[in-house]
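We will go stop by stop.

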Amino acid sequence: MIGRRRFLRESALGAGALLLARGSLARTSQFAGGVLSSGADTRIEVLPGEVLGTISPNIYGHFLEHIGGVIYDGVWVGENSKIPNVGGIRRELIEEMRKIQAPVVRYPGGCFADSYDWRDGVGPVEKRPRRTNFWNNEDDTKGAPANHRFESNRFGTDEFMRFCKAVGCQPYLAANVRSLPAQEFSRWVEYCNSPAGSTSLAEQRAASGSAEPYDVRYWGVGNESWGCGGNFTPQEYAAEFRRYTTWVPEYGHPLSFIASGPNSDDWQWTRGFFEEIARKDKGLFSSIFGWALHYYAWNLSRGRSQNWDEAKGDAVQFDVQDWYEILREGNQLEALIEGHWQAMREFDSEHAVKLVVDEWGPWYRPGSALTPENFLEQVPTLRDALFSAMTLDTLNRHPEKVTLASPAQLVNCLNSLYLAHEDRFCVTPVGHVFEMYSAHQGGQAVRAIISAPSIHYLRDDKPASFTGMAGSASLRGRDLTLTLVNPSVSETRETEITVRGASVLSGKSINLCHADLHARNTFDLRNAVTPESKDLAATGKVVRIAIAPASVTRLALHLA
Ligand code: AHR
């Protein structure tokens, strides 16, 4: 398999996208469930009795890599910066992440992780070595600032822990399997977790400001080991995984190992790994916490190309077909979750291992960045807000399978929640979706049956259809959170909501939408796309609301 990095190196821009008006959509719509008496065209029935499982707060996790402007500029501004900071970390970022209750953050990569020596990033700052960043060889990074190309190691393990503490989230560290021996993995665990004063590494940690252990629970064992993480076969990687994770000291806190899972629909990677683990000892499954699937939606060629560069679309210039196509690509995640889950069951019949989706999001071609020197930065639009909302709804609907997830990446990168440069900062529409959806964290996912007219549009002049409404529901006591996405670019959905066996006493709706499908937030226009909140006028046995086209809605319903 060709790794993404090689695809990127062979980079060549595809043809520019056409910008079409909303009107080019075919407007036929049908309602499979028949006409509702009230004139509604969409019906949602929530079934509180059908509990799917508890939504792991960690599926609302995040990802930081030493790539482009993510760490240097995005997160780290330096202690002596005029930019407001907490111990060198951008204050506004911390404040925003607290608002969304970010539960866990993965670090330091990505592909970077398998080139990283954690020892370079600890100890006295002036003694830390400068290294060539993993991403330095890309064509697109030639004009990047020196600190993006040559890793100063100014931000390392202790600074990351400072960041996690300030945000109130758990760290998830990705260890280097490609280019460091297994012993270094154990040593990194020792540096982070050995009790105060117990080892030389605990003393080194204390000298860097933390006598107390960091108690890091989540450990990734390599990243994309099928590609940039070593080009292993699944059988080879399974053997490495066993070696790296055998008898790692726990220091009183169980460790949760996350194995490097498949790229998209690479069923062979999943089967090969699980078969090899089972061949040695099925009991080993209980020592694997997660199987990390990566899924990027990137191909907007509508079947014409599989070329990584040519088939990508533009982040901010797109037509109605591209709108539906990227959402359609994003929707594939559900089939991937179900498919890999089934492949895992062939060997791990008890499902001891859960799925982790620790890189997801749309990936467009370069060119939209607010800070053009930031490798892989793209500017999320309203379209990406819907993409992210639909993805989070998908994750919410599979609580028994998916235990942790994170989009790629938190700031100044692909599907970012925030964009930052020097003293400028903005929350993207994706960031707003994470805030709206944070209410699902830890809730009981319950089944919701959504019946809505399919969307019909022209795909290369041929009729195509797309789902008319997506969503998910979760309960905490008598409080129901219902999130809904109306992907139609033109149709309002007159919606009737019922909750079986209950009626709605009071409610609030928060809505994210905009008349322009391409709307986005920038440093100059920070609030072009922001959610609006209002009390629900209609309550009782049936709640009727109009759901605007191209919108994300969160309903907070208090049930009698
Ligand atoms: O998120 C950017 C890169 O995409 C990550 O480093 C890698 O894991 C993936 O290929």
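## Stop 1: a covered strand

Select residues 479-486. This is strand β21, and it is mostly covered: seven of its eight residues are buried. Keep in mind that the model you are viewing is predicted.

Pick arginine 476: its bridge partner in β21 is aspartate 479. Now look at the turn. β20 and β21 form a hairpin, with two residues between them. Click glycine 477 in that turn: its phi is positive, about 60 degrees.

Which strand pairs with β21 over eight bridges? Select residues 551-559 to see strand β26, which pairs with β21 in the antiparallel sense. Show threonine 481, and find alanine 556 of β26 opposite.

Show the side chains while you are here. In a regular strand they alternate between the two faces of the sheet.

## Stop 2: rings in pairs

Next, turn to the aromatic side chains. The structure holds 33 aromatic pairs. A pair of rings is described by the distance of the centres and the angle of the planes.

Select tyrosine 116 and tryptophan 188. Their ring centres are 6.3 Å apart. Their planes meet at 65 degrees, over the 60 degrees that the label requires, so the pair is edge-to-face. Where do the two residues sit in the chain? Tyrosine 116 is in the loop between β6 (104-107) and β7 (131-132), while tryptophan 188 is in helix α5 (residues 182-193).

Move on to tyrosine 218 and phenylalanine 289. Here the centres are 5.5 Å apart and the planes are at 50 degrees, so the pair is tilted. Tyrosine 218 belongs to strand β10 (residues 218-221). Phenylalanine 289 lies in the loop between α8 (267-280) and β12 (290-297), 71 residues away. Are these two residues buried or exposed? Tyrosine 218 has 3% relative accessibility, so it counts as buried. Phenylalanine 289 has a relative accessible area of 18% and is buried too.

## Stop 3: a ring cluster

Select Phe112, Tyr116, Trp118, Phe185, Trp188, Tyr191, Trp219, Tyr244 and Phe257 together. Ring pairs link them into a cluster.

## Stop 4: charges over rings

Select arginine 106 and phenylalanine 63. The arginine lies over the face of the ring, 4.6 Å from the ring centre. Finish at arginine 383: its charged end sits over the ring of phenylalanine 318, 3.8 Å from the centre.

Methods:
Residues numbered from 1 in each chain as written. Predicted model: local features only at pLDDT ≥ 70, side-chain atom pairs only at ≥ 80, totals over all residues. Heavy atoms only, no water. Phe/Tyr/Trp six-rings, centres within 6.5 Å; stacked < 30°, edge-to-face > 60°. Helix = DSSP H or I, 4+ residues; strand = E, 2+ residues; numbered from the N terminus. Buried < 20%, exposed > 50% of the residue type's maximum accessible area, 1.4 Å probe, protein only. Lys NZ or Arg CZ within 6 Å of the ring centre and 35° of its normal. Pairing = 2+ DSSP bridges.
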